[in-house]
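Colleague: I would like to learn how to read a model like this one. Please take me through it feature by feature.

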Amino acid sequence: MTISGPNSGEPMGLLDGVRAVDLTHYFSGPYCTKLLATLGAEVIKVERPGVGDPMRRFGPFASALIPETGGDQGRRLTHEEREENGAWFLYLNTSKKSLTLDLKSADGKQVLRELLGSSQILVENFAPGVLDKLGLGYDELRAVNPSLVMISITNYGQTGPRRDWKAAEINLYAAGGLMNITGEPEEEPLKEGAPLSQLGAGQNAFVATMVGLIHAEDSGEGQHIDVSIAEYATNILENAMMQYSYSGQEYTRVGNRGYGRAAWGIYPCRDGYVGIIAGPDQRWPEVANIMEREELADPRFASRYGRLVHADEVDALMLPWLLDHDKVDVFKAGQEHGLAFTYVATMEDLLEMEQLTARDYFVEIDHPVTGPLQYPGRPISPHSRSDAWVYRRAPLLGEHTDQILEDRLGYSTDQISRLRDQGVI
Amino acid sequence: MPTAPSSHSGNAGQPLRNFRILDLSRIWAGPYCTKLLADMGAEVIKMESLSVYDSHRGPVNPAPGIVSYPDADPGEQPWNRNGWFNCLHMSKYGITLELTGESGRRVFNELVSISDVLVENFRQGSLERLGYSYQELRQLRPDLIYVSMPAFGNGGPWQKYVAYGIGQEQLSGMAHMTGYRGEGPMKSGINHGDPITGSHAAGVLLAALRRRRRTGEGMFIDVSQQESAVALIGGEVLAYQMTGVEPERRGNRSPWFAPHNSYQCAGEDRWVTIAVTSDEEWLRLAEILGGSELAADAQYATVSDRMEHQDTLDALIGAWTADKDAREVCEQLQAAGIPSSPVMGGPDLLADDHYAARGTFVEVDHPQVGPKMYPGPAWKMSATPGRVRWPSPTLGQHNRLIYSELLGMPLDSIAALEEGGVIGVKPTGSRII
């Protein structure tokens with residue numbers, strides 16, 4: 001694994017030599033381009049001068065004095081703290097370069113066109129039609145670079161009657177069918193704590209980008225890829241959709257019990273919560289041994305169906321042992337008997353988890369405002385390629401503007417000064 | 001390359017058609033990886049064992065009442081009629097092969113030698129115990145890209161442990177930050193760890209294939225399902241280090257916006273979600289809820305104010321939505337530019353005009369199921385759209401096609417493998433989780 005500061009030599013990743021222009025903000029697009037950048041592509045994040053990705057101003061921030069809402073309570077944020085300190089921004093924008101550019105100005109558009117002329121990929125997540133109105137729609141950009149792979153990530157896609165509907169994560173999780181099946185049956189449907197629709201769609205967009213890049217290199221033909229976040233959610237419904245499609249019976253909320261299962265979900269234990277997975281059937285007798293309750297070996301509970309019918313009884317028999325044991329011990333007791341028990345990890349647990357530390361999963365990256373932090377690292381590790389992933393801290397707003405204009409586009413110092421004076425950069 | 005088994009044999013719009021993936025993966029994470037590739041035209045050969053077929057096919061003799069079969073009827077061959085399996089293997093070839101005997105291993109060696117990629121998500125080390133480590137596989141195919149995706153990766157003290165996608169929600173921190181306010185963690189309705197891992201793996205293996213074209217080198221790609229899942233909550237891992245505060249279970253509220261929640265509507269278990277993400281959106285919502293008086297109320301002017309008064313605002317909005325139709329509420333709010341959506345279930349999704357207009361769900365006619373709706377390709381490409389080319393294979397459906405046309409085996413050799421139980425279409429057992 002290669003870890004390098006923003007100014008050290010350029011390490012080679014799997015996507016070394018690929019250049020991507022990144023017009024994304026918030027979650028979905030930045031996660032797509034984060035994956036490209038950490039695989040070694042040069043990702044140029046284009047941000048509005050003086051403003052940047054709004055995610056820069058989303059907390060939590062490093063100082064406990066600063067209110068989470070980023071408002072005006074407490075002391076005023078310094079400019080640097082406001083722009084460079086949001087946890088999710090720092091995570092989602094590692095290894096990228098930041099170029100500020102006013103896309104409404106003619107000069108700004110010209111800089112973008114020049115960048116696209118020497119790039120293979122453009123990723124954007126504006127609302128549908130925004131780039132078209134700026135004269136930067138796919139048809140215009142294709143004229144600049146016919147083999148350009150342009151990826152647009154939006155709430156509902158580029159077409160269809162709800163194309164222009166506004167949405168936050170909760171709305172997309174609801175519209176994609178995932179929320180309806182999460183939570184207790186007698187309470188309201190529940191969203192995930194993390195923005196999984198947007199991040200999952202961003203990750204799928206990364207796969208689509210690879211497909212488009214391979215095709216462009218095969219044929220010289222570029223294209224426009226339309227990724228809808230709500231559609232990503234519908235794409236991962238699996239049996240929650242198929243059950244209805246096949247038998248007309250709707251999938252319902254079942255709380256922490258697996259659907260059509262028992263002893264298949266989250267339970268309290270002495271110091272937190274654990275995940276109990278009661279299958280496969282032939283392993284169930286082990287649960288009685290682990291939990292020191294012979295009653296659990298009752299033939300009535302031997303099958304998945306039997307446990308479902310007697311779910312409350314099974315829970316009542318497991319709880320005393322669970323509440324008397326710590327989460328890591330419950331997890332390991334199950335695993336040592338071949339059962340896929342888990343525990344509900346807190347952030348503190350993750351940072352100390354022996355499996356993750358043994359695999360060097362976390363990567364320490366320094367940053368001028370936050371100092372060094374442990375970042376979740378490669379999601380995948382190609383063993384035979386030690387330098388497959390490239391880690392640099394997220395860029396400060398406009399940090400690479402001069403470098404990109406000079407080195408990539410050959411602008412002179414005078415030209416750059418003029419653009420800066422005019423507010424284009 | 002064998003002829004496609006249906007009339008849809010054209011290669012146009014199939015950008016990955018030149019890649020062959022030998023797919024030993026089961027359940028969901030691996031199959032979702034290869035589904036994304038098959039949707040884009042990759043030649044995916046799904047290999048199963050007659051004694052331990054993909055458990056998503058369900059049991060050989062299912063208990064009554066399982067509704068993942070057409071009309072809840074398992075039929076004579078339930079393993080070919082299960083919706084869990086059939087939504088994840090469209091456009092893949094299905095073969096069976098036992099690796100326990102010499103004749104099966106000879107066939108497998110040939111399959112590896114002509115494949116670009118091998119994908120598996122067995123328990124760590126299972127394939128190696130059968131004599132197929134990466135080093136041994138490379139002898140068969142020097143530039144093979146081998147994607148191994150066990151629960152905790154290849155290496156580390158937990159490498160032999162097992163976990164499913166549901167467990168990765170818990171071990172990744174996702175479950176810790178999900179739940180009703182003041183209550184314990186909550187699992188999702190699906191198993192997020194699976195598609196997240198599958199999608200990660202698909203993207204990286206494509207990057208590796210692209211690199212192989214330049215260098216001629218294959219690669220061993222080690223995928224930890226757990227690490228793939230932790231990657232999606234990374235911002236919270238940083239936030240905890242910056243503040244020392246664990247993420248809070250907030251129900252349907254947001255750390256950034258208010259009001260932001262689900263609200264009950266008219267009808268049984270009908271809900272709408274509303275998220276006010278700016279002061280301007282609040283002013284427009286306030287006009288709708290309570291006219292200019294509410295909009296002018298200074299105690300709700302900023303997001304900090306609205307955070308402080310969330311209980312009041314949620315009660316106000318809930319009273320307004322209670323007797324209204326969820327979709328109509330959204331039409332009205334969207335006309336005012338306020339983020340909102342109904343909470344949609346299976347019937348809503350399949351009847352929805354937007355998804356219908358985009359072809360989000362596609363009808364596929366499976367020989368043992370009949371025409372049913374399935375999720376289609378996960379994104380839309382203007383030049384190379386990909387498509388669902390044929391339904392999920394029945395167990396061993398393409399044995400003859402692959403072994404005869406692709407490997408060029410004589411028919412009497414194939415018949416001998418069938419007689420010896422090395423290949424076939426009738427399961428000899430099942431191991432169901």
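Colleague: At what angle do helix 1 and helix 7 of chain B pack, and how far apart are their axes?

Modeller: A word on the source first. This is a predicted model: local features need pLDDT of at least 70, side-chain atom pairs count only at pLDDT 80 or more, and totals for chains, interfaces and linings use all residues. Residues are numbered from 1 along each chain as its sequence is written, with chains lettered from A and ligands numbered from 1 in the order in which they are written. Helices (H or I, at least four residues) and strands (E, at least two) are DSSP runs, numbered from the N terminus. Axes are lines fitted to C-alpha atoms, for helices over the stretch in contact, and angles run from 0 to 180 degrees between N-to-C directions. Now the case: helix 1 (residues 29-39) of chain B packs on helix 7 of chain B at about 45°, with the axes 7 Å apart.

Colleague: Which word describes how helix 1 and helix 7 of chain B lie to each other?

Modeller: Angles under 35 degrees count as roughly parallel, over 145 as roughly antiparallel, 65 to 115 as roughly perpendicular and the rest as oblique. Helix 1 and helix 7 of chain B are therefore oblique to each other. Their crossing is right-handed. Residues of helix 1 that meet helix 7 include B:Y32, B:C33 and B:L36. In this contact, eight residues are nonpolar, four polar and one charged.

Colleague: Which helix of chain B gives the largest share of the side that touches chain A?

Modeller: Two residues are in contact if their C-beta atoms, placed from the backbone, lie within 7 Å. Here 130 residues of chain B are in contact with 126 residues of chain A. Helix 7 of chain B gives the largest share of chain B's side, 13 residues. That side of chain B has 75 nonpolar, 41 polar and 14 charged residues.

Colleague: How do helix 8 of chain A and helix 7 of chain B cross?

Modeller: The axes of helix 8 (residues 196-219) of chain A and helix 7 (residues 193-215) of chain B come within 9 Å and cross at roughly 25°. These two helices are therefore roughly parallel to each other. The crossing is left-handed.

Colleague: Where do the strands of chain A and chain B join?

Modeller: Two strands pair if DSSP finds at least two bridges between them. Strand 7 (residues 223-228) of chain A and strand 12 (residues 380-381) of chain B run antiparallel, joined by two bridges. A:D226 has B:K380 as its bridge partner.

Colleague: What is the strand order of the open sheet in chain B?

Modeller: The order is 7-8-9, three strands with antiparallel pairing. Strand 7 and strand 9 (340-342) of chain B stand at the edges, each with a single partner strand, so one side of each has no neighbour in the sheet. Three bridges join strand 8 (residues 271-275) to strand 9 of chain B. Within strand 9, B:S341 stands opposite B:T273.

Colleague: Is A:E238 buried or exposed?

Modeller: A residue is buried if 20 or more other C-beta atoms lie within 10 Å of its own, exposed if 12 or fewer, and partly exposed in between, with C-beta atoms placed from the backbone. A:E238 has 25 C-beta neighbours inside 10 Å, so A:E238 counts as buried. Its phi is near 50°, a positive value in a residue other than glycine.

Colleague: What is the count for B:I27?

Modeller: B:I27 has 19 C-beta neighbours inside 10 Å, so B:I27 counts as partly exposed. Phi of B:I27 is near 65°, also positive.

Notes: A crossing is left-handed if the near helix is turned anticlockwise from the far one by less than a right angle, and right-handed if clockwise. Ala, Val, Leu, Ile, Met, Phe, Trp, Tyr, Cys and Pro count as nonpolar, Asp, Glu, Lys and Arg as charged, and the others, Gly among them, as polar.
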